[in-house]
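This report describes one protein chain for a reader who meets it here for the first time. The sequence and the structure are shown below, and the description follows them.

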Amino acid sequence: MEREELARKIIEHVGGVGNIKSLSHCMTRLRFFLLDDNKANEEELKKLSILGVQKQGGQYQVIVGNDVSKVYKEIMKQYPGIAGGENVPDNAGEKKGSIFNRMLATLTAILVAPLSAIIGGGLILGIRYMFTTLHILPGDSSLIFLLTVIGNSSLYFFPFLLAVSAAKRFNTNIYMAMGIAAAMLDPNIIAKVGEDPVMLFGAIPIPMINYGSSVIPIILAVWFMSKVYGWLDDHLPSMITVIFVPLLTFLIVIPINLILIAPLATYLTTYVSNGLEWLINLNLGIAGFVIGSTRPLLVLVGLHHAVRPLQYMQLETLGYTIIAPATFISTMSQATAAFAVAVLVKDRKSKQIATSSTISGYLGITEPALYGIIFKYRAALVGCILGGGLGGMVSTMMGAKAFSSGLPSLLTTPIFMGDKPLSIVFGLIVMFVSTFGITWFLGKTVFKLNDNVVLTNGISEVETAKGKAEPGHLVFSPVSGQICKLEDINDETFSSKLLGEGIGIVPSENLVVAPGDGTVNTVFHTNHALGLITEAGTEVLIHIGLDTVKLEGEFFTARCKAGDKVKKGDALIEFNREQIAAAGYDTTVIVVISNTPAYGNIQPEFENGPIFAGEKILTVR
């Protein structure tokens, strides 16, 4: 699909221009704030040339991939003014939800906008640190001086950049916000940093603090300014607002900010940063492993942006961060897992996807690897989690530090070397060997990523390493009802097939039976779901209803327990579909093959129509 048409279709399927409050983008995602999420057509969006759709922290995210900046530019070209939300009232589209979600959405929107400037400045400083640490250039050379000036241009004056993005987020005057930032970095304050506070009226202390590179103080100050500025603009007579609104805003906001808001935010930041440092230093190995291993999962749910303020806090208070190096190692592990899959798989299309995901992953863009490879092949998921954790553990224990922030990428490696470059080098070696080795081993044994999918008379068969085609394993329907496609189920986890291939059944009876001979692997404590392993080794997940875990077991009765040997047709779970539906829940029974990556093809017997318990429903090869 041409980029022009893709841009037009995306806007159309998120509900049109009139449904968009604002739009920004990060490295792989278009980040919409919509007036009404229900007006967006997820199914149509997923038919486009994108990686997926995700709702997180009040944002409607369209995951485009490496081409996101070009698609964003095309949208701006076709729909001028859409980014800042000029097409809708400032107070439109306020998002509901938990305080945490609203705070995360706000923080993400503010921090993502100036990221390009931070990446540029951070990389320049990383090169400077590399030159001085490796004694390539003396610290007092003119080139080092110039690199320092360039690198500090965006990092030291970070409050100015945040003032702009915060003002846009809070729908207030950008230039007034920059004025607040300028007051915080005024040379008269900087010259007195470390001295006693200036006493206003002889009684009120104004702490002399250097707010350069700070994050939280300016965000809170601009939020406070937006309230004051908005109130004054609404209540003062229109004939005097041009003069008195900015005058009174500065007279109210700047003193309160310098006396109260900014100092308290700075002290809080210091305490949080020191506390984080203390926790990490309790056991550097565990800290590095946790940071390195959890990064892929945080990206999946969109919480990786919540880690960025912690890095900024460490940089602001300590002058360095030990979070960023482990994050960098984890990012490289995701690319390495994709590389291992590219080597293992034989299918041409899968190999192309894995190869392109590897390249973009090493350049710092991991969403293609995550969504296209890692969450598809469990060998890759296990490999990148363990490999990233082990690499992060080694680098952290060796004292890895980053003295500036930047995009985790092979091109930005100098940023993460700190004053002990070998810590990153050894971390990368351990990460690569363990990630590739684990993915390779699991792919060769447990998950069989070396299977080659060959088309024979229109039917997929799996050729093993021995060259002999395995017969298909049959899975039978666990309940009577109406067949529906997995893609049509109103649950992204199932419809996107993150848990594997399968089928849905709208039940016409209240009993789930065994879909084949095998062993019950697990029964969820609320009895709404269970896992079963057939004698052929097929792992079957049966999930009754959507979000029915919230019923806490009401209307469900288990007729089996973990470890039970069962035969096809044996009763597993009784449930009351009428009462479940009356409680407002979808009763669709989902049947998923959990170890989908172990097979070359999973073919539904029917895509729609009636089905009876015990009828053949899936063929697994």
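## Overall content

The protein chain holds 20 helices and 22 strands, where helices (H or I, at least four residues) and strands (E, at least two) are DSSP runs, numbered from the N terminus. The model is a predicted one, in which local features need pLDDT of at least 70 and side-chain atom pairs count only at pLDDT 80 or more, while totals for chains, interfaces and linings use all residues. Residues are numbered from 1 along each chain as its sequence is written, and side-chain values use heavy atoms, with hydrogens and water left out.

Of the 621 residues of the protein chain, 49% count as buried; buried means under 20% relative accessible area, exposed over 50%, and partly exposed in between, with a 1.4 Å probe and protein chains only. Among contacts (heavy atoms within 4.5 Å) with a separation of 6 or more, 72% are between residues 24 or more positions apart.

His13 belongs to helix α1 (residues 3-13). With 10% relative accessibility, His13 counts as buried. Beyond its neighbours within four places in sequence, His13 is in contact with Lys39, Ala40, Asn41, Glu44, Leu45 and Leu48.

Strand β2 (residues 29-34) is largely enclosed by the rest of the structure, because six of its six residues are buried. In a regular strand the side chains alternate between the two faces of the sheet. In β2 both faces are covered, with Arg29, Arg31 and Phe33 buried on one side and Leu30, Phe32 and Leu34 buried on the other. Two strands pair if DSSP finds at least two bridges between them. Strand β1 (residues 20-25) pairs with β2 in the antiparallel sense over five bridges, and Ser22 has Phe33 of β2 as its bridge partner. Strand β4 (residues 59-63) is joined to β2 by four bridges and also runs antiparallel to it; here Phe32 is partnered by Tyr60 of β4.

## Nonpolar cores

A nonpolar core is a set of buried Ala, Val, Leu, Ile, Met, Phe, Trp, Tyr and Cys residues joined through side-chain atoms within 4.5 Å. The largest one has 42 residues, of which Ile218 and Val222 touch the most other members. Two or more residues each come from α4 (99-112), α5 (115-133), α7 (158-169), α8 (174-184), α10 (216-235), α11 (241-282) and α13 (308-318). The greatest contribution is that of α10, with nine residues.

Not counting residues up to four places away in sequence, Ile218 touches Pro159, Leu162, Ala163, Ala177, Ile180, Ala181 and Met184. In soluble globular proteins, nonpolar side chains tend to be buried together.

## Packing of α14 and α17

Helix α14 (residues 323-344) packs against helix α17 (residues 378-397) at an angle of about 145°, and their axes are 8 Å apart. Axes are lines fitted to C-alpha atoms, for helices over the stretch in contact, and angles run from 0 to 180 degrees between N-to-C directions. The residues of this contact comprise six nonpolar, nine polar and no charged; Ala, Val, Leu, Ile, Met, Phe, Trp, Tyr, Cys and Pro count as nonpolar, Asp, Glu, Lys and Arg as charged, and the others, Gly among them, as polar.

Arg378 is also found in helix α17, and at 26% relative accessibility Arg378 counts as partly exposed. Leaving aside neighbours within four places in sequence, Arg378 is in contact with Phe447, Glu539, Ser594, Asn595 and Pro597.

## Loops with positive phi

Most residues other than glycine have a negative phi. Asn527, although not a glycine, has a positive phi of about 65°. Asn527 lies in the loop between β13 (518-523) and β14 (529-534) and is buried, with a relative accessible area of 19%.

Glu552 likewise has a positive phi, near 55°. Its place is the loop between β15 (539-544) and β16 (556-558), and at 61% relative accessibility Glu552 counts as exposed.

## A three-stranded sheet

Three strands form an open sheet in the order β9-β22-β20, with antiparallel pairing. Strands β9 (473-476) and β20 (602-604) stand at the edges with a single partner strand each, so one side of each is left without a neighbour in the sheet. On average, neighbouring strands of this sheet are turned by 25° against each other, direction ignored. Three bridges join β20 to β22 (residues 616-620), and Ile602 stands opposite Val620 in β22.
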